[in-house]
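Please consider the model below with its aromatic side chains, its sheets and its helices in mind. The paragraphs that follow take these topics in turn.

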Amino acid sequence: MDMDAKYADLRRAAEETAVVDAHAHDLVAAGSTLPFIGCFSEADGDALALAPHSLPFKRSLRDIAALYDCDPSLEKVEEFRRAQGLSSITSKCFQAANISALVVDDVSTLDKTLELESHKAFAPKVYRVVGIETLAETIINEESVVGSSWTLDSFTEAFVAKLKSVANKIVGLKSMAAHRSGLEIDPSVSKVDAEDGLRKELATRRPLRITNKNLFDYIFIHSLEIAVEFHLPMQIHTGFGDRELGLRHCTPFHLRAVLEDKRFVKCQIVLLNASYPFSREGSYLASVYSQVYLDFGFAFPKLSVQGITSSLKELLERAPIKKVMFSTDGYAFPETYYLGAKWARDVVYRVLSAACEDGDLTIQEAIEAVEDIFRRNALHLYKLNVFHEKTTSIDDNTISSSSCLGKDDVILVRMVWNDASGQHRCRALPAERFYGIARNKGVGLGIAAVGFTSFRDAPAVGTNLTCAGEEIRSRNEEMVMVDMLTGSGEASEYCPRNALRKVTKVLLDEFNVTVKAGFENEFYLLRKSFSEGHEHWVPYDNSSYCSTSAFDGASFMLKEAHSCLKAAGIVVEQMHAEGGNGQFEIALKYVLCTLAADNQIYAREIIKSIARKHGVIATFLPNMMQCFHWPRPDLNELGSGCHVHLSLWKNDQNVFMGSNKYNYHGMSNTGERFLAGVYHHLPSILAFTAPHPHSYDRIQPNTFTGAYLCWGKENREAPLRTSCPPGVPPDFVSNFEIRSFDGCANPHLGLAAIVNAGIDGLRRGLKLPPPTELNPADCASHERLPHDLLGSVEALAADKIFHELMGDKLVTSVIAMRKAEIEHYAKNPGAVHHLIHRY
């Protein structure tokens with residue numbers, strides 16, 4: 001097979017993925033004294049005159065000229081830049097680079113550096129990294145007198161206070177030690193030596209530029225302690241640095257003393273610029289130290305294509321793919337960002353396709369690696385609030401994404417939220433208003449909309465919600481999922497997405513654990529039928545579980561749904577016909593639970609819209625038996641669930657799984673305690689995961705829905721099932737599944753409730769009872785879970801841990817909504833027929 005055809009999907013992924021630029025520097029304003037030729041080389045002075053004769057210069061100049069559609073000469077490129085203006089060329093470069101988020105440090109001392117806010121005009125999300133030496137020098141230089149009264153204690157107090165004051169506003173720290181004093185950092189540097197170093201520095205002229213090694217080491221160690229406290233990664237330059245420092249001082253191997261210090265076993269150190277020319281050393285460190293991550297940036301383009309390629313190959317020789325991140329290393333000129341992204345895409349494709357040829361990777365694994373390298377790893381490490389880089393624009397019967405549409409092609413943008421009753425709602429804005437105003441400022445919305453029930457667009461009595469203002473705001477330029485904010489811009493206590501973020505932050509802060517989740521979406525496809533002069537909705541077919549004929553009959557819709565999900569960056573793991581007539585399932589790959597909840601809403605919207613396009617209804621309603629007027633003698637009594645699989649992760653390792661040191665039925669100690677918390681609070685959790693009165697028509701014995709309070713390994717009659725998928729040793733389990741979760745649930749609230757319970761299990765060291773290996777319906781000792789929603793609501797009302805972690809106002813409003821729905825559907829049993837359109 002032709003190589004281009006064989007790896008077409010891989011190339012497409014490399015070229016189209018919206019990247020997170022994890023290490024870059026500030027742009028400079030027009031009129032800066034920095035010469036544009038510096039865009040192509042790190043040289044200066046007389047050495048810069050020969051830069052045009054290097055391979056990187058010649059290649060990069062042609063690339064920029066092609067982007068600008070001008071002659072490939074330095075003079076013509078500079079002429080184009082002057083004619084177009086800085087704003088125009090920066091927009092052009094950033095759009096071509098397809099950068100979804102930008103992580104910028106503050107170490108630049110170039111002439112006319114732009115403020116961080118200025119970069120937000122060109123990148124959807126911009127984050128700051130603080131240079132620790134820059135901060136230290138700024139503090140010292142604030143006193144203009146040489147030989148000032150600074151002592152080490154007074155300096156340390158001021159430095160630590162300042163760093164802590166900004167810790168929650170930044171995403172990382174950065175050290176220039178390799179450029180100044182070398183990486184032979186002494187983690188036990190004494191105060192006496194540091195005091196002497198400070199005294200020597202203060203005796204020099206101002207502005208001060210710290211070079212004393214003892215003082216450097218002291219500042220680094222204090223900063224790393226703060227980084228660990230606030231879960232901030234520390235970026236470190238390695239390899240080539242300033243000319244006055246010998247290269248032998250810059251190998252990352254010198255960091256081993258820091259990495260093996262017990263204080264820093266939970267730190268996260270990012271080796272920048274591929275550790276070049278120590279790429280193999282960096283790869284080795286990342287493979288044996290959990291704290292070490294790798295960042296490759298080639299925007300300066302200081303290497304030939306072969307040099308870049310060999311460097312990335314060396315990084316991947318040993319390092320886990322989950323630890324390797326892209327960056328442009330862009331600085332000063334927007335062209336550096338464009339060149340960094342362009343050649344990173346090309347080189348990542350070259351290296352990964354070669355790995356496929358060698359048998360190291362499958363094509364699908366290589367495509368996953370592209371996502372990891374270009375965006376997922378940075379999102380996870382820096383905890384960036386960029387949930388989705390694609391715009392899924394669903395207008396009438398059309399679903400498209402930003403991978404195939406530009407902003408000029410989008411007519412309407414839907415700002416979507418999921419209320420506490422699990423219904424999808426939206427405001428549709430003209431694209432020009434969304435991108436021009438609403439993207440950043442939001443739109444007004446009465447907070448009462450969060451508390452609407454499934455039977456009436458008004459808040460339930462007891463929710464304490466009124467039509468007084470809140471606002472909804474998209475957190476990312478190309479994402480239409482929205483947050484609920486107060487008028488002052490703070491996260492609303494009623495916002496489901498904020499509730500999930502809040503509890504996952506507690507889990508991370510207290511236990512350094514994150515949760516990944518993957519949903520299995522069951523739904524019915526319904527078609528119109530006419531009987532006795534009336535129009536009815538009936539099952540799409542009458543086939544059985546995993547029936548090939550059922551799949552064939554709906555394959556055109558399922559294929560289209562898969563394509564749209566893929567275009568939106570949502571990975572489908574499998575799909576099949578389910579056991580009910582007209583029932584299907586689409587399972588999504590596990591991702592961080594905050595992203596999984598967003599993806600779940602996008603997936604429902606896409607599936608329902610595809611169905612409508614073809615004249616049918618896709619409904620995720622948990623119980624269908626009361627929804628059909630059509631005679632149904634063969635209709636299986638199966639509801640639709642939304643099972644969710646969850647796993648626990650720490651430093652890129654699955655810590656739900658047991659080990660040789662601790663193994664409780666395949667679980668680790670952390671895994672057992674977390675699951676024990678979920679088990680203990682399961683009746684309360686049901687108020688979020690099975691939130692509708694008709695949810696309980698589905699949760700019945702002998703229906704694989706989990707009707708009894710128990711757990712089991714691979715027991716599908718248990719509501720909590722630990723799973724041992726193919727590839728996992730038989731004595732271990734990799735995740736657990738909650739089966740009592742359905743399509744009426746708000747996925748953010750459902751996951752928040754689960755994490756909430758898991759935190760309590762970890763805090764109190766809860767233990768699980770023995771697993772259930774048989775059908776719990778046959779065991780008289782097993783307690784039945786609540787038979788109805790009222791039982792779950794009463795359990796939630798009495799469960800203080802939910803009020804404490806998720807917020808009393810939110811929980812109180814949920815309880816009031818559930819009670820209102822219980823009362824309404826008890827009085828109006830026929831109202832369930834209308835829910836196929838709502839869910």
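**Aromatic pairs, strands and a helix**

Phe741 is buried, its relative accessible area being 0% (buried means under 20% relative accessible area, exposed over 50%, partly exposed in between, with a 1.4 Å probe and protein chains only). This is a predicted model, in which local features need pLDDT of at least 70 and side-chain atom pairs count only at pLDDT 80 or more, while totals for chains, interfaces and linings use all residues. Residues are numbered from 1 along each chain as its sequence is written, and side-chain values use heavy atoms, with hydrogens and water left out.

The structure holds 18 aromatic pairs; rings of Phe, Tyr and Trp (its six-membered ring) pair if their centres lie within 6.5 Å, and planes under 30 degrees apart count as stacked, over 60 as edge-to-face and the rest as tilted. One of them joins Phe519 and Phe741 edge-to-face, at 5.5 Å centre to centre with 75 degrees between the planes. This pair links distant parts of the chain, 222 residues apart: Phe519 belongs to strand β16 (residues 514-531), and Phe741 to the loop between β26 (735-738) and α24. Helices (H or I, at least four residues) and strands (E, at least two) are DSSP runs, numbered from the N terminus. Phe519 counts as buried, at 1% relative accessibility.

Phe688 and Phe802 form a stacked pair, 6.0 Å centre to centre and with 15 degrees between the planes. Phe688 lies in helix α22 and Phe802 in helix α26, 114 residues apart.

Eight strands form an open sheet with parallel pairing, in the order β1-β2-β3-β4-β5-β6-β7-β8; two strands pair if DSSP finds at least two bridges between them. Each of β1 (19-24) and β8 (324-327) has a single partner strand and stands at an edge, so one side of each is left without a neighbour in the sheet. Within the sheet, three bridges join β5 (residues 234-236) to β6 (residues 269-271), and Met234 stands opposite Ile269 in β6.

A hairpin is formed by β18 and β19, with five residues between them. These antiparallel strands, residues 572-577 and 583-588, are joined by five bridges, and His576 has Glu585 in β19 as its bridge partner. In the turn, Gly582 has a positive phi of about 75 degrees.

Finally, helix α27 covers residues 808-827. Its buried residues, including Leu810, Met817 and Tyr825, pack against α22 (682-689) and α26 (800-806), among other helices; contact means heavy atoms within 4.5 Å.

How values were computed:
The expected span of a helix is 1.5 Å times one less than its number of residues.
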